[in-house]
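I opened the notebook on a structure I had not looked at before. I wanted to look up its strands and its nonpolar cores.

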Amino acid sequence: MIETDMKPYLSVVIPSFNERSNLERGVIDSVVTYLQKQTYTWEVILSDDGSTDGTTDELSRIASKSKGVQLVRNVHAGKAPTVAAGMLEARGEWRLFTDFDQSTPIQELETLLPHTEKGYEIVIGSREAKGAVRDKEPLYRHIMGRAFNLFVQILAVPGIQDTQCGFKLFSATAAEVLFPQLVVYGGSQARKDAYTGAFDVELLYLARKCGFNIKEVPITWIHNTTDRVNPWKDSFRMLRDILRIRWADMSGQYQVSS
């Protein structure tokens, strides 16, 4: 493990919101155990989205006893501001954000990291790229995901087969340029629901606009049942947000160079 005054090679950012059931599965311990076996320096940023079920207390306990693990507390404003807070708090040369439930296991880093040496500044896990494995996913979820991605490719980021996989690796430069530029998902206003939205689409749209090289890599993904997602309602809201992303661009709200 690294000394606190040294920048790590890798930061792993894990957003959370009311994760008691996942904490009982030991997901954070499994991430830390994996990283402890690596030769590179690392840190884990636990970015909490204003949990109310005791998650924050447990994360604080984990951070206090685990060297290299840090807790960032946020108001409940949704996944996008929570991920952004963690990615901008991170100090790593490379910064991964990964879902708390570890639907994409941390071991899949081994498929992403080699591409950082090939000129790519953003490497994203994909459940649709050739060679990907999707385990236990209900058929209706897969069909809805493909339909959503069709709209994404038409309206926002053509050529990317899966924008929504929660396993994305950014160079420090890319993270520090992109996350502060979010417009549709850039607010930090408190909210009551657990809506995730299409913030990945806005990130990748901005990345293309800024000229960052993006590599999509097949990963293994395991479906975990959740009651936080309303497939019909959330799909409509996400499509609406894609239109908002295009409008933000057309109206000059993204202050980035093309």
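I count two strands as paired if DSSP finds at least two bridges between them. Helices (H or I, at least four residues) and strands (E, at least two) are DSSP runs, numbered from the N terminus.

I noted that this is a predicted model, where local features need pLDDT of at least 70, side-chain atom pairs count only at pLDDT 80 or more, and totals for chains, interfaces and linings use all residues. Residues are numbered from 1 along each chain as its sequence is written, and side-chain values use heavy atoms, with hydrogens and water left out.

Entry: strand β5. I looked up its partners. β5 runs antiparallel to β7 (residues 167-171), joined by 3 bridges, and Val123 stands opposite Leu169 in β7. With β8 (residues 214-218), β5 pairs in the parallel sense over 5 bridges; here Gly125 stands opposite Val217.

Entry: cores. A nonpolar core is a set of buried Ala, Val, Leu, Ile, Met, Phe, Trp, Tyr and Cys residues joined through side-chain atoms within 4.5 Å. The largest has 39 residues, of which Phe97, Phe170, Leu178 and Phe179 touch the most other members. Its largest share, 7 residues, comes from α8. I also found a second, separate core of 33 residues, including Val123 and Leu169.

Notes
Buried means under 20% relative accessible area, exposed over 50%, partly exposed in between (1.4 Å probe, protein chains only).
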